[in-house]
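Please read this briefing alongside the sequence and the model. It moves from surface patches to overall dimensions and then to backbone geometry.

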Amino acid sequence: MLNMELCGIKLENPLLLAAGILGTTAASMNRVLDAGAGGVVTKSFSKEPNKGYNNPTIAEVEGGIINAVGLSSPGVELFKEELSLINRERKTEKSGKNNPNKIAIASIYGSTPDEFNYVASKIGDLIDMIELNISCPHAMVGYGSAIGQCPDNTFDVVNAVKNNVSVPVLTKLTPNVTDIKEIALSAQEAGSDGITVINSLGPGMKIDINAGVPILKNKFGGLSGPAIKPIAIKYVYDLYEDLDIPIVGVGGIRTFEDVVEFLYAGSSAVQIGTAIMYEGLEIFSQINHNLIKFMEDKGFKSIDEMVGYAH
Amino acid sequence: MKNEYKILEIKDIIINTQTIKTFIFDWKMEKDEIPNPGQFMMIWNFNGESDEKPMSVSKIDLDNEEIGITVKNIGEFTNNLHSLKIGDELGIRGPYGNHFKLNGDNIIAIGGGVGMAPLRSFVEHAKSENKNVDVVVASVTQCELLFEEDFKKLGVNVFTSTDDGTCGYKGFATHRTIDLLKSRNYDMAIVCGPEIMMKGIFNILEDNNIPGQYSMERYMKCAIGICGQCCVDNTGWRVCIEGPIFSSEEIKQITEFGNYHRNGAGIK
Ligand SMILES: Cc1cc2nc3c(=O)[nH]c(=O)nc-3n(C[C@H](O)[C@H](O)[C@H](O)COP(=O)(O)OP(=O)(O)OC[C@H]3O[C@@H](n4cnc5c(N)ncnc54)[C@H](O)[C@@H]3O)c2cc1C
Ligand SMILES: Cc1cc2nc3c(=O)[nH]c(=O)nc-3n(C[C@H](O)[C@H](O)[C@H](O)COP(=O)(O)O)c2cc1C
Ligand code: FES
């Protein structure tokens, strides 16, 4: 009943693991797949290894967390090993299981179209889709949202990658812009197969009043969790009217009601991140279970019928 | 919010060895969560160059409402902790992770170096439940033996071993343990120390059919189970949530145990 397609790729259910959460090793991503996710998005990685920021990298706030992990990753060469071990449907020589309709999406970042292209060209046969992270709110200067806040830069990055890979490409956008429509249309025009909205919000800051300093080592970081959901819903709702390509909704999902809301707003699939902190990995099977019940109650026969229902 | 810092004054500092100090804090057991032996805290040092790292709870004093962490000076962060004075403040969040389970009557606790830290609070707890406890305290050299006196005061049998023979048995914790097992019987073991040592102990305890609980360390960022930094191969368990204590049966499934770990960038 939850079976669906995203950019032509079959998925067992619409729940994906969001980038940067439990996505550092194949073992932890396989655990998330076993826990019921239809697919996983990896931690964002680039050409070179990156240590990220020192701790504290995470601070809890009302309604979620702010984080400045700082895109830590071992770099594409070493990360290929992890990618090859993910138990997705099209198994590689190394991955153990053939998981029908489970997918792996590689989240990549860089500072130039060439760098994105370089990374993308190395991994095409190890994953089912690529997600371009041009939206991290606390990345180094020239990375992340520095690209995703500019329509021309967005076009160039998407275009460079699309010209060279055969797997579908999602472009992940930042909410921290004045006109997201312009950026999304740019990505679509450059050939993006789908849009993921939203990356974490802000950035924000939390000062510990007893310590008298900002908690995060980086001082500021992206806000995620239930608090950002209304903003994500609004972006999905608006973009659904403007775009011809599918939308993957992300931001604050904790319950099946949240998933329904995202589907109704116009997302074809959703990603879940921060709420794992509250609900544990059971969140995926719980939501799937409740989603089926909801669909039966309301008479929906497929996820497709629910996408954009609120319009 | 569960993960909020408590900013606490250092109430006392105990100099345990040349490289190891124990820091004592007031801890409102009613209000703050009572830690269990084996759990850890995230310690945020915002004095100077800010950083935050995991430390096991080595002392849980319910009567006096105090906790302690025991820190070995091995790098920048721990060196900065060692330079702090009584009255200086640290941020503490936790307790995190699972804990040792008291499921035996004749217990052997085996620790190497600062690995004695989580064992200390457990041994104290086991003695208060009137269990028989033997402790193997191992270190490279005599002046690094940790908590020997504390353990003796608790009335447990202490068996020291030093690699260089400057105190007690000359040799590794593994040899000391093999020796002990010839004459004594145990129905449970808890182990913490360098992973290479724990691997050796694991093999010995398996040969002797003694169920063990092992305290593992992995690089940590969030400690709340979302960043993925501390996950182990091939199970994907998070050391900060499903660990840091793993049973013998679990250890068998952790293929990287005793073989490798990842650094802050995720590189093996
Ligand atoms: C669950 C747990 C409990 C621990 N309990 C204690 C304890 O009771 N007493 C004690 O002295 N030490 C304990 N440690 C280890 C302690 O966290 C590290 O020794 C300390 O972080 C080293 O920091 P440094 O900057 O001084 O040294 P560095 O030179 O930066 O690091 C030395 C080594 O410490 C480890 N390390 C560094 N940063 C981290 C990090 N963020 N998370 C985990 N490991 C890290 C790495 O293996 C590194 O190679 C524990 C670790 C874990 C995971
Ligand atoms: C700890 C953490 C790390 C993240 N790392 C990344 C990342 O590497 N790449 C990325 O595109 N998004 C990253 N994100 C953003 C999430 O993928 C997601 O867009 C955002 O958290 C909102 O969803 P949520 O509220 O369900 O967490 C990260 C979020 C968190 C909390
Ligand atoms: S330290 Fe982040 S998941 Fe364990």
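**Surface, fold and backbone**

A:Phe220 is placed in the loop that runs between strand 13 (213–214) and strand 14 (221–224) of chain A, where helices (H or I, at least four residues) and strands (E, at least two) are DSSP runs numbered from the N terminus. This is a predicted model, in which local features need pLDDT of at least 70 and side-chain atom pairs count only at pLDDT 80 or more, while totals for chains, interfaces and linings use all residues. Residues are numbered from 1 along each chain as its sequence is written, chains are lettered from A and ligands numbered from 1 in the order in which they are written, and side-chain values use heavy atoms, with hydrogens and water left out.

**Surface patches**

- A:Phe220 counts as partly exposed, at 34% relative accessibility; buried means under 20% relative accessible area, exposed over 50%, and partly exposed in between (1.4 Å probe, protein chains only).
- Together with A:Met205, A:Ile207 and A:Ile209, A:Phe220 makes a nonpolar surface patch of about 430 Å².
- Patches are made of residues with over 30% relative accessible area and no salt bridge, like charges being joined within 9 Å and nonpolar side chains (Val, Leu, Ile, Met, Phe, Trp, Tyr) within 5 Å; a salt bridge is a side-chain nitrogen of Lys or Arg within 4 Å of a carboxyl oxygen of Asp or Glu.
- Accessible areas come from the Shrake-Rupley method with a 1.4 Å probe, and for residues only the protein chains shown count as cover.
- A negative surface patch is formed by A:Asp152, A:Asp156, A:Asp179 and A:Glu182, with Asp and Glu counted as negative and the place of each charge taken as CG of Asp or CD of Glu.
- Within this negative patch, A:Asp179 is found in the loop between strand 9 (169–172) and helix 6 (180–189) of chain A, and A:Asp179 is partly exposed, with a relative accessible area of 35%.

**Overall dimensions**

- Chain A has eleven helices and 16 strands; its radius of gyration is 18 Å, close to the 19 Å that the globule rule gives for 311 residues, so chain A is as compact as a globular protein of that length.
- The radius of gyration is taken over C-alpha atoms, and the globule rule is 2.2 Å times the number of residues to the power 0.38.
- The C-alpha trace of chain A spans about 55 × 45 × 40 Å along its principal axes, and 64% of the 311 residues of chain A count as buried.
- Chain B contains six helices and 14 strands; its radius of gyration of 18 Å is close to the 18 Å that the globule rule gives for 268 residues, so chain B is as compact as a globular protein of that length.
- Taken along the principal axes, the C-alpha atoms of chain B fill a box of roughly 50 × 40 × 35 Å, and buried residues make up 59% of the 268 residues in chain B.

**Backbone geometry**

- Most residues other than glycine have a negative phi, and most peptide bonds are trans.
- A cis peptide bond, with omega about 5°, joins A:Val197 and A:Ile198, and A:Ile198 lies in the loop between strand 10 (194–197) and strand 11 (201–204) of chain A.
- In chain B, the peptide bond from B:Gly94 to B:Pro95 is cis, with omega near 5°, and B:Pro95 lies in strand 7 (residues 89–96).
- A:Leu22 has a positive phi, near 50°, and is placed in the loop between strand 3 (15–17) and helix 1 (26–34) of chain A, where A:Leu22 counts as buried at 2% relative accessibility.
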